[in-house]
Amino acid sequence: MRWTKLVALTASGAAALSLAACGSGGSPSKSGGGGSNNSAAAAQTKAAVAATNPNLQGPAPAVKGAKKGGTLYIDDGSNPPTMDPSGIYYIDSNAYATQYLYRTLTQYKIVNGKPVLVPDMATNVGTPSADGLTWTFKIKPGLKYSNGQPVKLQDFVYAIKRSFATESVAANGTNYQMQYLKGGSTYKGPFKQPKANFPGVTTQGNDTLVFHLTKKLPSFNYFASFPEFSPIPQSADTKSNYQKQPLTTGPYKVASYNIGQKMVLTRNTNWDPKTDPVRNAYPDTIQINFSVVDLPSQQRILSNSGTGTNTINIDAIDASLASKVTGAQKNQFAIGSSSCEYFDELDSRKIPLNIRKAIGYAWPYNEMRKAAGLSQLNYQPATTFAAPSLQGFKKYTPLPYATGQGNGDPAKAKSMLQKAGKMGFALSYYYQSDKPTKVAANNALKAALTAAGFKVKDIPVSTAEFEKKIADPNAPVNMGQGTPGWCYDWPTGDSVYPVLFNGAGIPNGLSVGQFKNAAVNKQMAAIEQLSPAAAAPKWAALDKELMTQYLPSLPDYYSMNTATFGSNVENVEMNPLISMPSLSQLWVK
């Protein structure tokens, strides 16, 4: 899943992270306790085990001591490109959608720090056929939209079809449905093909959905937790305007939405908590502020100034405040594990393997992080391509050219270039020239690569044009192209390795290292046919193979999950599933 929090230190000095919805892993830190990076990092390295509880019923247990009422403010430094359920594929928008607004077929409950797949609008977590090519979900009776209208079976079908409208409402959305549902490779959605028959989803009677797959996806019921599986009545569809006044099925509805600025949510009185096993609804009003500047937001929160007392900032803590939140004000800070990881992108089509290894030896991780002001609270050095909270994660001895930390070894890198006859090998990339921290990080990178014997062409661009530049696979550069990072879509390897390494995402800027290899693709296709439990160790082995034999790019760091909150915000428990706090469990004094 895509990520929009701007803390990455890629080859270009920063970036919006392209990433997922589901995380997992160790115990969360609770409000009132702060938490240390050491304990949180240790928890993150405990691999998650996928689990389901198909019989869990609502209502969700009450949070001890919680009271209803008041206004909760959420400060978000990013700005999701859409809040339309058909196009949501960013970590923060997905969290707001699935925790507050849109119920889906399945969802997750955090149990002892790990995500358990449970029923949401469906009566169980789905039933696969013997050959794995059909998935059946029975829908709970009596569900309603925020306007009181009953949820109908056909509304689910329409919502799935609408998620194919990539020219409009689904422009930023997932494409698993294109890959796995019958007819998905050619279907263009209900706007372009209003009369077309789409065979990927059908109905049985008045309460059963049947999904027809072209190939097995044993984790399809995990995918069914995405907002794309939330029902939409065709009669209520206002296309591009739908996100402003959608019909919601979760505990809140949209009172107003000023795109890029703020979204105000109020109670959905037609939400029935007895049917919902995962969500609570404590604040009367929730105001989500987008595009905030994190440092003043976090300063206001820690000073409990004005609305700061009722505000939670979901972004990485500013390095200048680290001593405060680990000291006197540790009760206003929480830290936990995440589903997200960042990469330093090297174009495997343009840079030979031995040269990529030399770049790895030269990479000045520590100097770049210091220059960019990245607090040690916000990261753990990465040495694999998957976050440690992924099911089956296996930690292996870091490779000497991919340590994820240190100041680099320019002498070693230079000797490798000399031996290969590649002194002065040209490296080129874009960097954000209108942000001082990005300029400082780039200066550190350029100095290190130059000292190692490379010729560096760093191309300055504005933040406004940066994301478009790095998403272009045909750009005239050989570093920094592709996704700067990834948060897995669900806690199994099939939502990480194929999407990043099978080459299909190269045209859309969703690849690591522009990597594509027929033998690796064949291996991934075979692993995808296995159950999540059987596949887990094989994904871990593939990770090591990619690192040792191919090195398509350099892993940079595993993102830590942090939040800073005012004195009136209660029950802040970090949720590795969504890489932020469990939003529906928050309440205000």
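Modeller: First, a term. A crossing is called left-handed if the near helix is turned anticlockwise from the far one by less than a right angle, and right-handed if clockwise. Keep in mind that this is a predicted model.

Start with helix α8, residues 353-362, and helix α10, residues 410-420. They pack at an angle of about 160°. Their axes lie 8 Å apart. Angles over 145 degrees count as roughly antiparallel. So α8 and α10 are roughly antiparallel to each other. Their crossing is left-handed. From α8, the contact uses Asn354, Ile355, Lys357, Ala358, Tyr361 and Ala362. From α10 come Lys412, Ala413, Met416, Leu417 and Ala420. By class, this contact has 8 nonpolar, 1 polar and 2 charged residues. An α-helix has 3.6 residues a turn, so residues three or four places apart point the same way.

Now the second pair. Helix α9 covers residues 365-372, and helix α11 covers residues 436-451. Their axes come within 7 Å and cross at roughly 160°. That angle makes α9 roughly antiparallel to α11. Here the crossing is right-handed. On α9, the contact residues are Glu367, Met368, Ala371 and Ala372. On α11, they are Thr437, Ala440, Ala441, Ala444 and Leu445. The class count for α9 with α11 is 7 nonpolar, 1 polar and 1 charged.

Next, the setting. The protein has 15 helices and 24 strands. Its C-alpha trace spans about 70 × 55 × 40 Å along the principal axes. A compact globule of 589 residues would have a radius of gyration near 25 Å, and the 23 Å of this protein agrees with that. Of the 589 residues, 60% are buried. Take contacts between residues at least 6 apart in sequence: 75% of them join residues at least 24 apart.

Helix α3, residues 153-162, is mostly covered, with 9 of its 10 residues buried. Among the buried ones are Leu153, Phe156, Val157, Tyr158, Ala159 and Ile160. Asp155, Lys161 and Arg162 are buried too. The cover over the buried residues of α3 includes strands β7 (201-204) and β8 (208-212).

Key. Residues are numbered from 1 along each chain as its sequence is written. This is a predicted model: local features need pLDDT of at least 70, side-chain atom pairs count only at pLDDT 80 or more; totals for chains, interfaces and linings use all residues. Side-chain values use heavy atoms; hydrogens and water are left out. Axes are lines fitted to C-alpha atoms, for helices over the stretch in contact, and angles run from 0 to 180 degrees between N-to-C directions. Helices (H or I, at least four residues) and strands (E, at least two) are DSSP runs, numbered from the N terminus. Angles under 35 degrees count as roughly parallel, over 145 as roughly antiparallel, 65 to 115 as roughly perpendicular and the rest as oblique. Contact means heavy atoms within 4.5 Å. Ala, Val, Leu, Ile, Met, Phe, Trp, Tyr, Cys and Pro count as nonpolar, Asp, Glu, Lys and Arg as charged, and the others, Gly among them, as polar. The radius of gyration is taken over C-alpha atoms; the globule rule is 2.2 Å times the number of residues to the power 0.38. Buried means under 20% relative accessible area, exposed over 50%, partly exposed in between (1.4 Å probe, protein chains only).
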